[in-house]
Every structure is written in structure tokens, then in C-alpha cells.
Amino acid sequence: MVVVGAGIIGAAIAYECAIAGLSVAVLDRGPVAGGTTGAGEGNLLVSDKPPGPELDLAMMSLRRWREWSEEHEFEYEPKGGLVVASTPEGLKALDGLAAEQRTSGVESLGVAELAEYEPHLAPGLAGGVFYPQDAQVMPALAAAALLRHPRVTVHTGVTFTGLEGGERVTAARTDAGRVPCATVVNAAGTWAAEVAARCGSDVPVMPRRGFILVTEPLPRIVRHKVYAADYVADVGSDDAGLKTSPVVEGTAAGPVLIGASRERVGFDGRFSVPVLRRLAAQAIALFPVLAEVTVMRAYRGFRPYTPDHLPVIGPDAAVEGLWHACGHEGAGVGLAAATGLAVARGLTGADPGLDMSPFRPGRFA
Amino acid sequence: MPDADLAVIGAGPAGLAAAGAAARAGLTVVLLDPAERPGGQFYRHRDGDDGRGHHHWRDYLRLAGDLEGVHYLPGHRVWHAEPGEPHVLHCLAGNRDERPVTVRAAKIVLATGAHDRALPFPGWDLPGVMTAGGAQALWKGQGLPAGRRVVISGTGPFLLPVATGLLKAGARVAGVYEANRPSAALLPLALDPARAVEGAGYALALARHRVPYRTGRAVIAAHGEGRLESVTVARLDRDWQPVPGTEKIVTCDALAIGYGFTPQLELAVQLGCAVEDGPDGSAVITADAAQATTVPGVWAAGETLGVGGAVLAMATGALAGHAAAGTTPPGALLRRRARQRRLAAAIAAAWPVRDGWREWLRDDTVVCRCEEVDHGALKRAIADGARDVRSAKLLCRAGMGLCQGRVCGFPVARVLGVPDRPNRPVAQPVRLRDLAYPDTSRGEHR
């Protein structure tokens with residue numbers, strides 16, 4: 001089989017399929033982790049998802065990530081997430097969400113004394129909820145580790161150009177020749193619509209731009225992933241305009257990462273100083289101690305989003321042998337493990353372990 | 001409302017010439033530079049400096065004395081340049097009392113210069129090893145020699161003034177090792193009277209101090225317990241692979257290495273200017289005959305277009321100033337630029353960086369000093385699917401540290417076999433509060 005895309009989704013699918021006994025060729029026009037995988041924080045989050053199919057997928061994924069972390073080295077850090085509310089009303093809504101999430105297996109803990117979790121948080125916040133299952137990985141390292149499986153071959157710098165075959169797929173065409181195969185998986189992330197079009201199909205995946213600020217390395221002054229309750233609303237928002245909410249976390253390597261912004265501006269890669277300013281101001285509001293901390297770098301990425309904010313996972317509605325696994329928006333790293341499992345199980349005729357119908361590619365028709 | 005018609009970034013030979021030409025043509029000009037004094041790297045000097053030991057010092061005095069009508073802002077570091085109408089330059093000013101300053105200008109001349117290029121080899125991270133430019137800056141800026149007994153290694157004509165500078169500062173120069181064999185290529189130099197005299201002066205100084213100048217040789221390893229004590233010098237073949245059996249040990253307490261210069265292009269890239277491969281392997285700004293970049297209202301001058309020396313930089317700077325002001329430049333300026341460009345091309349061809357230096361690396365040789373990434377880790381990242389500088393950074397952290405790949409970008413790109421394309425949206429470290437609240441801090445420009 002052929003997987004198009006050497007990001008975390010393509011790597012997860014290749015790895016799980018290889019474990020299931022398949023030989024996998026992974027193609028990417030760029031390097032490993034050269035797209036959205038290399039432009040995010042590497043979140044494995046359950047805290048930001050309301051109950052529903054995405055949360056179920058995230059829970060399944062979290063379990064698999066934990067198993068992967070025992071076999072591979074990719075800076076897996078189960079540090080937990082702390083969601084904070086500035087007002088009593090906000091806290092009430094947050095507690096309500098946590099109660100609902102609990103029915104899906106999400107563990108959480110109401111926190112009245114925020115300083116016990118994060119001593120440097122701004123005073124005056126109403127409270128928060130701690131999610132011990134939230135974790136983080138270094139996603140590029142994770143993708144590289146998974147792609148090292150002996151039944152996986154990686155072809156970087158190779159562009160997928162289309163399918164061969166009549167009734168069903170017989171080969172993948174590339175700018176470096178054809179690769180015979182019965183299955184092609186579109187794991188091209190934010191660029192998945194382009195790959196689908198080359199297969200005579202379509203998936204409605206579009207880019208949603210985000211920026212991240214990276215500080216100088218610091219001692220652990222931010223212990224968890226900490227974000228404001230508004231973030232959950234921003235993630236699910238259909239607003240095309242700029243949305244920012246503070247997301248602050250320390251990393252094992254020392255720098256603090258500061259997000260998160262969301263804008264629908266196509267593939268406009270330019271940096272926006274006003275967005276960076278808002279991220280900085282919101283981070284300082286959450287952690288006043290950061291005011292004197294230095295930003296060393298900033299980076300930008302494009303999340304692959306779909307009209308209903310759910311990923312596209314499953315066989316193409318028309319082209320036999322073509323599968324899609326894309327459109328995970330900002331949750332691709334977190335959802336990668338379950339996506340890999342579900343595709344591998346689907347291709348080998350096994351039970352996916354979850355109702356995958358909400359993610360079926362044909363749902364937009 | 002823009003603060004000025006034109007902002008010139010960089011007060012070296014190119015920037016000074018650009019600012020002067022534009023101001024004389026009637027533009028209001030802001031000249032920004034990170035240093036406390038004008039002159040850039042080339043005319044780096046100290047208080048009360050009489051210019052002895054500086055080449056073309058009279059040119060400097062003329063340029064620096066010609067800044068009437070130019071609003072000169074020393075100590076200003078631009079961390080981000082935003083294109084628009086007007087263009088907006090986000091700066092940090094001052095040292096101990098750093099503050100954010102925003103400068104708006106209808107037009108920009110980029111004269112951001114170049115920084116030293118080093119190649120890694122075993123031991124290059126020992127204290128006592130520095131860039132040739134660093135050794136030069138120590139002498140020009142503070143009158144200090146880099147060490148008592150100094151070895152110089154690398155390639156290019158720049159090694160010669162570094163050697164004579166060290167001699168003037170009182171150091172012993174144990175040897176100058178030039179990796180190329182540029183004898184035949186010296187011909188075009190001789191065609192330029194000013195340079196021939198310059199070159200003869202260096203040769204005389206080296207001879208008088210009995211400094212060995214050896215071509216086709218380079219320092220391929222540095223040794224010492226905790227700090228530099230000696231180096232291994234070897235003869236190189238045409239591709240710069242060390243010739244076995246030719247290694248010899250030279251004792252020294254300082255080593256200055258210089259393998260050319262890399263143009264500083266982060267502000268150009270932030271503005272959206274197209275860049276291309278320069279003649280010596282580093283990227284340069286794409287510019288037309290009038291020094292215009294691909295972004296409207298942005299011109300480029302000096303070493304950002306490829307390293308060519310101070311005389312060429314002054315010519316392209318003055319031309320950029322004329323172009324920004326919309327005035328016709330004197331024909332002599334165009335002729336000088338053409339002549340100096342031919343010379344720069346000949347020099348670039350005579351002093352290339354050959355790929356054989358990669359044979360100097362061992363697996364445990366540090367490639368990225370900030371993150372302490374060694375050559376073995378870089379090779380593993382390549383095996384894991386790194387194909388460009390960004391993916392190498394993600395997979396092994398090379399270039400992720402404080403210098404953002406300014407030092408290791410060129411060698412890492414060469415090991416990967418790809419062009420080095422600078423992409424640093426935050427060009428200078430900036431405090432979060434200065435980023436968040438630029439307008440509430442003190443010292444807003446004007």
C-alpha cells in the first residue's frame with residue numbers, strides 16, 4: 001500500500017498497517033514532518049473536546065499513544081492540562097463541561113487553589129479544572145520513530161501525481177515513477193484536497209492559520225499545559241476572522257510555547273505582528289511573570305479543517321482502493337494513533353473498535 | 001503617517017551611502033543600526049579612533065560627515081519588518097534600558113550586511129576558537145588581540161587584513177592557512193589599482209613579521225584541555241579533502257576561522273523579498289539594475305546582494321539612495337558598480353568553499369553549538385527523512401537555539417545538499433511585554 005503524506009497521520013497509518021503485516025511505501029513531496037506536524041505543539045488533548053465522536057477518537061488515541069511511548073523515544077510528556085476560568089460564570093460552564101466529559105472517560109479535578117498547580121498564574125482567576133490525561137509529544141520525532149518500522153519505506157521529495165487502474169487502484173503515480181499497490185491512503189493533511197483531486201475525488205479540507213511564540217529556555221515556571229476556557233469555543237468556532245485565546249505550556253527542553261490563534265486566510269504564510277502581539281498580551285495576562293521573558297522564535301502553520309470540524313477517515317465513496325485520513329484540524333497529533341489503528345483495522349477487515357461513521361468521507365455530499 | 005520617506009537599515013558603507021544620497025535628493029531619511037557608532041563591521045572603530053589601520057577611512061569620514069538631514073538612530077535592532085503602506089519596522093532600542101520603538105517609512109533600503117561564516121571541525125567549539133570577523137571586531141572595536149599566538153585559517157582575501165590587524169594589536173601570528181590555491185586568480189585583483197596596493201601592503205606586513213602564508217592548507221582540528229592549545233593543519237586536495245600524511249600540529253592559544261560571509265537576509269525575507277542562490281553558496285536578495293527588490297518600495301544594497309567589499313557596497317548604497325529618491329545617478333557610479341561587480345565575481349570564483357570539508361567532521365563533532373548537536377545526530381536526522389534545514393531542525397534540534405541557525409545554517413545546508421534559506425520571523429530576541437505593548441512603553445520614535 002501507499003500512504004501519501006509523511007506527517008504524523010501518515011506515519012501512524014504506516015506504522016499500524018506495518019504491524020498488521022502490510023508493506024507500506026510512504027510518499028511525501030517534502031521531508032518527514034514538513035507540514036503541519038512540524039508546526040504545532042504536539043498536543044494530546046482530551047480536555048478541549050466536548051463529548052462526541054471526536055472525543056471518543058481522542059480517548060482511543062490517548063491509550064495507543066501511551067503504548068507507543070513505551071516502545072519509542074519522542075519526548076512523551078504526560079504533564080496534564082489545566083483549564084482556567086476568569087469569572088464564576090466561566091468556571092460554572094467549565095465544571096459543566098467536565099461533568100459531561102466524565103461520561104466519556106475523561107478524568108478531571110476541580111481546582112479551587114490554582115496556585116497549587118501553577119504558582120505563577122495571575123491572581124484573581126475564579127478557578128479551573130485539571131485534566132491529568134492531557135499530554136504532549138514532540139511530533140516530528142514521533143513521526144520519524146514510527147516511520148522507522150522495517151516494513152515501512154519512506155520516499156521524501158517524491159510528489160504523488162495520481163492513481164492508475166480502472167475499477168480499482170493498481171498503482172500510485174509519482175514524479176519518480178509508478179508504485180504498484182492496491183490501496184492508496186490520502187494523509188496529506190492541509191493539502192489533502194489537492195491529493196484527492198488528483199485521484200478524481202474530493203475532500204473539503206481547508207487551511208486555518210495559526211502562530212506560536214517560543215521563549216528562551218526557562219526553568220519550569222509553567223508546569224502543565226494551561227489555557228483559558230475561551231479556547232474550547234475558539235476551536236469549534238466557524239468564524240473566519242481572527243480568534244486568539246491564551247494557551248501556555250512549558251516543555252521538557254525548556255522553552256515555553258505560547259498560542260493559539262486561528263484565522264482563515266488561505267495559504268497566506270506571512271507573519272502577522274498584530275496576532276503575535278495578541279498572543280503575547282494574553283500570555284502575560286495569564287502568567288504575569290512572562291512579561292520579562294524573551295521570545296526567541298515564532299512559527300506558523302496551517303491546520304487542516306473541514307466544514308464540520310471532524311476529520312475525514314475511511315474509504316472514498318467512489319474510488320475503490322482510495323482511502324482518506326485527513327482534516328484533523330488542530331488535533332492531528334492527538335488523533336493520529338487512533339486514526340492509524342482505525343485505518344489499519346479497516347484495511348485488514350478487523351473491527352475498528354469505534355463507530356467510524358461520523359468520519360466517513362462521503363458525508364459532505 | 002510615516003515617520004520618514006525612507007528608512008535605511010544598516011549604517012555600514014552601503015547604508016551610509018544610501019542615506020546620504022537620498023537625503024541630498026530631498027527625502028526625509030531615518031538610518032537605523034544596532035551599533036552605537038556608524039560604520040558597520042567594515043568601519044567598526046572606537047572612541048578617538050584616528051582611522052589608522054582602516055582602509056578607505058577617508059571614504060568613511062566623507063560618508064559619516066554627510067548625514068545632514070538624516071535622522072540617525074544608533075542602537076536600534078529591527079526584530080521584524082512588516083511590508084505595507086507605509087512599511088513598519090518593529091525595533092528594540094538601547095542596551096541596558098531596552099525599549100520598543102516603531103518606525104514607519106514609505107520606502108526601505110536594506111543594507112543589513114553579512115555575518116561571518118564558519119565551518120565546523122573537531123574542536124571548533126573550544127574556547128579560543130573564534131571567527132575571523134570576531135577577531136577583527138575585537139581589534140577594531142577595543143584594540144585587543146585575540147590571543148598571544150594566533151592561527152588564522154579559512155579562505156578569502158579577508159584573512160589578510162585579519163592577520164595584519166592581529167599583528168598591529170600585538171599578537172604573534174603563527175600562520176595563515178588559505179584552503180584554496182588562488183595564485184592565478186590574483187590577476188583580477190591586480191587589475192584594480194586600489195586593491196593591488198592594498199594586497200601589497202598586507203604581503204609586506206606578513207613578510208616583515210615572518211608570518212607564514214600557506215595556500216591549499218587548512219586547520220582541520222583544534223585541540224586542548226578546556227581551552228585551545230594547538231591545531232592540526234593539513235594539506236587539502238582540490239576538493240578540500242585532507243591529504244593523508246600531511247597533518248602537522250601548530251601550537252597556538254587562539255584560532256580565527258573565516259570561510260566567507262553569509263548575507264543577513266531575515267528582514268528581506270520578512271518583507272517578502274525574493275532571494276536567490278549567490279555565487280558562494282549563501283542566499284542573496286534578488287534585485288534589478290536600480291537595486292529594487294521584488295517588493296515595491298524596498299531596495300537592497302551592499303553585502304545583502306552578495307559579498308563584494310566596501311567599495312561595491314558604497315556604490316550600490318548610493319544607487320539605492322538615488323533610486324528611492326527617484327533621481328538619476330551619476331554615470332560614474334554605475335561604472336564603478338559594474339567594475340566592482342566583475343571583481344567580486346572573480347573573487348567569489350577564486351575563493352569558493354569546496355565540499356571536502358565535510359571529511360573533517362567526525363560523528364562526535366558538534367555542528368550546532370547552541371543545541372550541542374553533533375554530526376552523527378545530523379546524519380541520523382537525514383536518515384529519518386530530513387531534507388531541508390527546517391526538517392533537520394525538527395528532527396535533531398540543529399539551528400533551534402539562540403543563534404537561530406545563523407552559525408550552523410550554512411554547514412547544515414551543505415551537509416543536506418540544499419540551499420540555505422534564512423527564515424527568522426523574529427530576527428532579534430524580544431521581551432513579551434515589548435511585543436505585547438509597544439506603544440505604552442517610553443521612547444516612541446518622535
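This is a predicted model: local features need pLDDT of at least 70, side-chain atom pairs count only at pLDDT 80 or more; totals for chains, interfaces and linings use all residues.

1. Two strands are said to pair if DSSP finds at least two bridges between them. Within β22(B), R431(B) is the bridge partner of T294(A).

2. R431(B) also takes part through its side chain, which meets that of E292(A) in a salt bridge (3.7 Å, N to O). Across the interface of chain A and chain B, the rule finds three salt bridges, and the count of residue pairs in polar contact between the chains, both at pLDDT 80 or more, is 13.

3. As for which parts of chain A are involved, α5 (139-147), β13 (206-217), α8 (273-286) and β17 (294-305) each supply at least two residues of the side that touches chain B. The largest share of that side, seven residues, comes from α8(A). By class, the side of chain A that touches chain B has 24 nonpolar, eight polar and four charged residues.

4. On the extent of the interface, 36 residues of chain A are in contact with 31 residues of chain B. The two chains bury about 3000 Å² between them, with 62% of it on carbon and sulfur atoms. Of the area that chain A buries against chain B, R277(A), M296(A) and R297(A) supply 23%, more than any other three residues.

Notes
Residues are numbered from 1 along each chain as its sequence is written. Chains are lettered from A and ligands numbered from 1 in the order in which they are written. Side-chain values use heavy atoms; hydrogens and water are left out. Contact means heavy atoms within 4.5 Å. Buried area is the accessible area (1.4 Å probe) that two parts lose on being put together, summed over both. A salt bridge is a side-chain nitrogen of Lys or Arg within 4 Å of a carboxyl oxygen of Asp or Glu. A polar contact is a pair of N or O atoms within 3.5 Å; within protein, one must be able to donate a hydrogen and the other to accept it, and residues adjacent in sequence count only if both atoms are side-chain atoms. Helices (H or I, at least four residues) and strands (E, at least two) are DSSP runs, numbered from the N terminus. Ala, Val, Leu, Ile, Met, Phe, Trp, Tyr, Cys and Pro count as nonpolar, Asp, Glu, Lys and Arg as charged, and the others, Gly among them, as polar.
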